[in-house]
Amino acid sequence: MSGGARHLLGVEDLSADDIERLLTLTDSFVEVSRRRMPKVPALQGRTVTWLFYEDSTRTRLSFEQAAKRLSADTLSFSVSTSSVSKGESLRDTVETIEAMGVDAIVVRHRSAGVPHQIAQWVSGSVVNAGDGWHEHPTQALLDCYTIREHLGGLAGRHIAIVGDINHSRVARSDVWAFTRLGAEVTLVAPPTLLPSSTEGWPVRVSHDLDAVLPHVDAVYLLRMQRERMTEALVPSLREYTTGFGLTRRRVDLLGEKAIVMHPGPMNRGVEIAADVADLPRSVVVDQVRNGVAVRMAVLFDLLGSGRELGRDLEGEGTR
Ligand code: CP
């Protein structure tokens, strides 16, 4: 998604400048979102649709909210009630949708690489909303934005990502985004939940959460993804929580200003204690709120080329 790119397929493709540019663009859309009428004409005449082959609450709804706030037309598509259930192939589905005149397709799929494949079939833009264990780029962007909001920036910060790293597209995208912006990342997990090799990953690895917590500015908890586990990778969820859950006792090991993050949906009582999720230092709700503005920035960046940001951001709420 560097200048002039048509798609957002992964963070690994982005430079630090690309990420910073999107975060700066997000500032404008946070301002729009705070208006009495949080709607601008920036993408009038453009059409956005979503193709979600996996369930979602946050990503799906916040893309819809983002498109509507930009005045784009939206085509709602539900895989479960579509002709996919009659056996229609991915390619035929995508070409059918494109023939109706869409400018961007937001895709979530259980298989890594599907958004890249779709990008080769269509002339419009494709946004990866999560592909298998591979990437979830808009989650990483909203995480960076939230860290910047609370800690002032990522450079020199130390972030622990804790939990089911191996099955996590969020972990992969966050590692790229956080380290590109100058943060130090430590992955904390039992060996069974780490990739077989982290060679080439710009991270440190630990199996001792208690030892890491006093040294971090942010602790990022991953959901235990029971639906992606094909074998018993932890003895039991209770034992996982004993070793790697963020309990009240462990929160007391954190520095005074350290924040707690989670991409959602949370398994309260497993990777995060129920009361920890609601502490003031937990920024989970801010992550969701920032997700709308970040996705407005991404859609505007892909579809608003040639448009003038200043004039396009004039809405009723500005007058
Ligand atoms: N964080 C995230 O991707 O949440 P959803 O699965 O609800 O979209």
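In this predicted model, the shell around the ligand takes at least three residues from each of two domains: domain 1 (11–136 + 288–318) and domain 2 (137–284). The shell itself is made up of Ser 56, Thr 57, Arg 58, Thr 59, Arg 108, His 136, Gln 139, Pro 263 and Gly 264. Sorted by class, that gives 1 nonpolar, 6 polar and 2 charged residues. As for where the ligand ends up, it sits in the largest pocket.

On its own, the ligand would expose 250 Å², and the protein buries 91% of that.

Two spots in the backbone are worth a look as well. Most residues other than glycine have a negative phi, and most peptide bonds are trans. The peptide bond from Gly 264 to Pro 265, however, is cis, with omega near -5°. Gly 264 is also one of the residues around the ligand, while Pro 265 belongs to the loop that runs between strand S9 (259–261) and helix H10 (284–303). The other spot is Ser 71, which has a positive phi of about 65° despite not being a glycine. This serine, Ser 71, is found in the loop between helix H2 (58–69) and strand S2 (73–75).

Notes
Residues numbered from 1 in each chain as written. Predicted model: local features only at pLDDT ≥ 70, side-chain atom pairs only at ≥ 80, totals over all residues. Heavy atoms only, no water. Near = heavy atom within 4 Å. Areas by Shrake-Rupley, 256 points an atom, 1.4 Å probe, with all protein chains shown as cover. 1 Å grid on protein atoms, 1.4 Å probe; cavity = no way out; pocket = protein on both sides within 12 Å on 5 of 7 lines; lining within 4 Å. Sits in = over half its atoms within 2 Å of the grid points. Nonpolar A, V, L, I, M, F, W, Y, C, P; charged D, E, K, R; others polar. Domains from an automatic or database assignment. Helix = DSSP H or I, 4+ residues; strand = E, 2+ residues; numbered from the N terminus.
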